[in-house]
Amino acid sequence: MSDHKKVDEHTGTETTNHEWDEIQELDTPMPRWWINIMYITIVWAIGYMIVMPAIPLINGYTKGIIGFSDRTRVAVAVEKMHEDRSVNSEKLVGASIASIQNDPDLLRFATQQGRTLFGDNCETCHGRRGQGVPGYPNLNDDIWIWGGSFADIKQTINYGIRAEHDDTRFGSMAAYGRDELLEPAQIDDLVQHVLGISGQRSDTVAAARGAGLFAENCASCHGDAGKGMRENGAPDLTDTDWLYGGTAALLRETIFNGREGLMPNWDTRLSEAQITALSVYVHSDLGGGE
Ligand code: HEC
Ligand code: HEC
């Protein structure tokens, strides 16, 4: 081997002067662009380490000259969200539905909050998105036992129905059979009457007897025509929408044993702003509000 650079005759490339068994090792240089990119990345890395947080130390890390921190950035964002939220929450307290609907930002906030609160607190009874299950009313339709205005809904949520609260809504459907207020035969006649007024097939003779019993015993709460009365929480018995069920067997069960559905009061569990948000959600987003 000699120290002079040699050039391989076949390729015209310099060799490294290494040779094994007469095989020469060529010395092909790295392409210039590749080398340049490598230098640029080294410069970039050094620059980055100076400017940004980079090197772990025993206690902490190098902060970099601009003091950037994801943690602070998130903290600031969270702080801002809390501020927005409390501003919006304050706006909700005592607001009318019209003023909320006129403020798109506030309406969006209330609906989102209401949807979350509904999922956490109400779906266990009222079903997914308030679709309702027997005994627990559907909150999406236009049929309301206690009223579907914003104020009505808010009052129901605040104080509940048959809840342990002085201002709770109250109305009772007595157990006419179990408490022996009526004879079993009279209950059968009433069942036929209710079948008749709700447009189902009924025994007309029995239903006619039932009509008299209905006027005496039931009309005070459900109305003469059985259309229901909100002030008593007595449902309309003439539509096809049933809280407990409209078959002969279920009607007999209701009249025999009575019904007292319980809806908890929320005024002690949720804030005024949260209850307003829920009322907006039930009234406007679920869509059955009046
Ligand atoms: C423990 C079960 C239960 C929970 C939880 C519950 N409800 Fe109710 N809710 C009821 C029952 C039962 C009724 C019907 C009461 C009756 O028979 O009059 C009702 C009725 C209502 C009504 C009146 C419907 C009408 O037709 O007038 C509204 C509005 C309502 N609930 C909203 C809510 C909201 C909002 C929540 C969550 C904060 C909620 N409910 C949580 C059981 C519940
Ligand atoms: C003191 C008022 C009152 C009287 C009187 C009364 N009801 Fe009711 N009734 C109610 C209330 C309140 C409900 C709803 C109960 C609930 O939501 O849990 C109801 C519910 C019902 C239901 C269930 C409706 C459904 O959608 O599933 C039927 C059926 C019914 N009543 C029939 C009668 C009949 C028949 C009589 C007469 C024998 C009668 N009621 C008398 C208050 C009354």
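Reader: How far apart are the closest N and O atoms in the salt bridge that Asp70 forms with Arg73?
Author: This is a predicted model, in which local features need pLDDT of at least 70 and side-chain atom pairs count only at pLDDT 80 or more, while totals for chains, interfaces and linings use all residues. Residues are numbered from 1 along each chain as its sequence is written, chains are lettered from A and ligands numbered from 1 in the order in which they are written, and side-chain values use heavy atoms, with hydrogens and water left out. A salt bridge requires a side-chain nitrogen of Lys or Arg within 4 Å of a carboxyl oxygen of Asp or Glu. For Asp70 and Arg73, the closest N and O atoms lie apart by 3.0 Å.

Reader: In which helix do Asp70 and Arg73 both lie?
Author: Helices (H or I, at least four residues) and strands (E, at least two) are DSSP runs, numbered from the N terminus. Asp70 and Arg73 are 3 residues apart, about one turn of the helix, and both belong to residues 70-92, which form α2.

Reader: Which side chain of opposite charge is nearest to Asp141?
Author: Asp141 lies in the loop between α5 and α6, and the backbone nitrogen of Ile143 is 3.2 Å from a polar atom of the Asp141 side chain. Lys and Arg count as positive and Asp and Glu as negative, while His and the chain ends are not counted. Asp141 is buried yet has no salt bridge, and at 9.1 Å the nearest side chain of opposite charge is Arg230.

Reader: What is the phi of Asp21?
Author: Most residues other than glycine have a negative phi, and most peptide bonds are trans. Asp21 is in the loop between β1 and β2 (23-26), where Glu22 also lies and has a positive phi of about 70° although it is not a glycine. The phi of Asp21 is likewise positive in a residue other than glycine, at near 45°.

Reader: Against which helices do the buried residues of α6 pack?
Author: In α6, the buried residues are Phe150, Ile153, Lys154, Thr156, Ile157 and Asn158. Contact means heavy atoms within 4.5 Å, and the helices against which these buried residues pack are α3 (97-101) and α11 (272-285).

Reader: Which residue has a polar side-chain atom 2.8 Å from a nitrogen atom of ligand 1?
Author: A residue is near a molecule or strand if one of its heavy atoms lies within 4 Å of it, and 22 residues surround ligand 1, the closest being Cys122, Cys125, His126, Ile145 and Met263. α5 (123-126) and α6 (150-159) each supply at least two residues of this shell. An oxygen atom of ligand 1 is 2.8 Å from a backbone N or O atom of Ile145, and an oxygen atom of ligand 1 is 2.8 Å from a side-chain N or O atom of Trp146. The residue whose polar side-chain atom lies 2.8 Å from a nitrogen atom of ligand 1 is His126.

Reader: How far is an oxygen atom of ligand 2 from an N or O atom in the side chain of Tyr244?
Author: Of the 26 residues around ligand 2, Met173, Cys218, Cys221, His222 and Tyr244 come nearest. An oxygen atom of ligand 2 is 2.8 Å from a polar backbone atom of Gly261, and for the side chain of Tyr244 the distance from an oxygen atom of ligand 2 is 2.5 Å.

Note on methods
A polar contact is a pair of N or O atoms within 3.5 Å; within protein, one must be able to donate a hydrogen and the other to accept it, and residues adjacent in sequence count only if both atoms are side-chain atoms. Buried means under 20% relative accessible area, exposed over 50%, partly exposed in between (1.4 Å probe, protein chains only).
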